[in-house]
Amino acid sequence: MIKIGLLGCGNVGHIIATHAESIRVAAVFDILPGRAEELAALCHARPYTDFDAFMREDFSIVVEAASVDAVRIYGEAVLRSGRDIIVLSGGALADDEFREHLVEVAREAGKKIRIPSGAIIGLDNLKIGQVSPPSRLLLRTTKPPASLGMTAEARTEIFKGLAHDCIKQYPKNINVAVALGLAAGRDADVELWVDPAAERNIHEIFVEGDFGDIYVRVRNVPSPDNPATSYMAALSILTLLKNLENPLVVGT
Ligand SMILES: NC(=O)C1=CN([C@@H]2O[C@H](COP(=O)(O)OP(=O)(O)OC[C@H]3O[C@@H](n4cnc5c(N)ncnc54)[C@H](O)[C@@H]3O)[C@@H](O)[C@H]2O)C=CC1
Ligand SMILES: O=C([O-])CC(=O)C(=O)O
């Protein structure tokens, strides 16, 4: 059974730790001691607020469900320790210099940085963009204002531009846009909307290229403990972990 170290004991961390059937959570780490202790008790793991002590535990993969900052701070050390890392806060990799460095560290260490599909669908075949670049790649995200900690009387566009700029302003809400760009091989255009009538986190993906065109709409149920995060994001990590050792690989 795969043993994981969980980096981040918030909303997604809870869903992973309490729904893990094909994996064992060996250790959990959070900057907030109460969160680490509470989650560790729930999944019979060891709690840590000291990263070096966490890394001395016995696990082969780190699952990051914390923040863009956490990936920047701890990503390299995880890879250098000889573990793969699953990165949910993929927005950290929007920074070209940081991403190239982290990929080089992973290559040297013979380890992998895995970006799950998270709260969207379609990253698998969007990788065709690396062979035949899309002429259009747009993500239109609509969330309830509370997800972004704000109020709004009407549907309002709060950002329009490139994913690598959007993630700097909204690091907890638009990691999906960076993941789209990493899959397709070019930065995604982003429209971020708040809508007081929205009850779900809606991601609409528009792609055009030599292959034809795509429109995908994902209407995500917010997670129980963090409305900014769609429940699908946690399911996506659980699924990635469940399939890690499966010899049958489905999807591009
Ligand atoms: N790629 C995707 O599709 C999605 C990505 N996300 C991202 O996943 C991450 C986790 O989401 P949630 O669990 O809902 O967030 P959350 O806010 O509920 O939990 C995050 C936890 O990580 C801890 N943390 C943050 N920075 C840390 C650091 N530097 N060191 C140690 N602990 C740290 C916090 O104390 C908190 O307990 C967020 O960055 C979120 O933006 C969320 C949804 C979808
Ligand atoms: O959960 C979502 O809908 C998307 C999200 O927060 C992110 O990409 O950071």
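## Two domains

The centres of domain 1 and domain 2, taken over C-alpha atoms, are separated by 24 Å. The model is a predicted one. Domain 1 covers residues 2-118 + 234-243 of the protein chain, and domain 2 covers residues 123-226.

Where the domains meet, 16 residues of domain 1 are in contact with 14 residues of domain 2. On the domain 1 side of this meeting, α1 gives the largest share, 3 residues. That side has 7 nonpolar and 9 polar residues, and no charged residues.

## Ligand 1

There are 29 residues around ligand 1, and G8, G10, V12, G118 and T229 come nearest. By class, the shell around ligand 1 has 13 nonpolar, 12 polar and 4 charged residues.

## Ligand 2

Around ligand 2 there are 13 residues, of which A119, N175, V176, N201 and S230 come nearest. The shell of ligand 2 divides into 5 nonpolar residues, 7 polar residues and 1 charged residue.

## Helix α1

The buried residues are N11, V12, G13, H14, I15, I16 and A17. V12 is also one of the residues that come nearest to ligand 1.

Which elements do the buried residues of α1 pack against? They pack against the strands β1, β2 and β4 and the helices α2 and α9.

## Helix α9

Helix α9 runs over residues 231-243. At 1.5 Å a residue, its 13 residues should span 18 Å, and the C-alpha atoms at its ends are 19 Å apart, which agrees.

In α9, the residues A233, A234, S236, I237 and L241 are buried. Seen down the helix axis, these buried residues fall within an arc of 155°, so they line one face of α9. They pack against β1 (2-7), α1, β2 (23-29), β4 (61-64) and β5 (84-87).

L235 is also found in helix α9.

## Residue I2

I2 is found in strand β1. This residue has 15 other C-beta atoms within 10 Å, so I2 is partly exposed. Leaving aside its neighbours within four places in sequence, I2 is in contact with I23, S60, I61, L241, L244 and E245. One of these, L241, is a buried residue of α9.

I2 and N173 are 171 residues apart along the chain, and their C-alpha atoms are separated by 29 Å.

## Residue S89

S89 is found in the loop between β5 and α5 (96-109).

Apart from its neighbours within four places in sequence, S89 is in contact with E64, A66, S67, V68, A70, V71 and N175. Among these, N175 is also one of the residues that come nearest to ligand 2. The C-alpha atoms of S89 and N243 are separated by 20 Å, with the two residues 154 residues apart along the chain.

## Residue H44

H44 lies in the loop between α2 (33-43) and β3 (46-48). Most residues other than glycine have a negative phi.

How many other C-beta atoms lie within 10 Å of that of H44? There are 10, and a residue counts as exposed with 12 or fewer, so H44 is exposed.

Terms used: Residues are numbered from 1 along each chain as its sequence is written. Chains are lettered from A and ligands numbered from 1 in the order in which they are written. This is a predicted model: local features need pLDDT of at least 70, side-chain atom pairs count only at pLDDT 80 or more; totals for chains, interfaces and linings use all residues. A residue is near a molecule or strand if its C-beta atom, placed from the backbone, lies within 6 Å of it. Ala, Val, Leu, Ile, Met, Phe, Trp, Tyr, Cys and Pro count as nonpolar, Asp, Glu, Lys and Arg as charged, and the others, Gly among them, as polar. Helices (H or I, at least four residues) and strands (E, at least two) are DSSP runs, numbered from the N terminus. The expected span of a helix is 1.5 Å times one less than its number of residues. A residue is buried if 20 or more other C-beta atoms lie within 10 Å of its own, exposed if 12 or fewer, and partly exposed in between; C-beta atoms are placed from the backbone. The arc is that of the directions from the helix axis to the C-beta atoms. Two residues are in contact if their C-beta atoms, placed from the backbone, lie within 7 Å. Domain bounds come from an automatic or database domain assignment.
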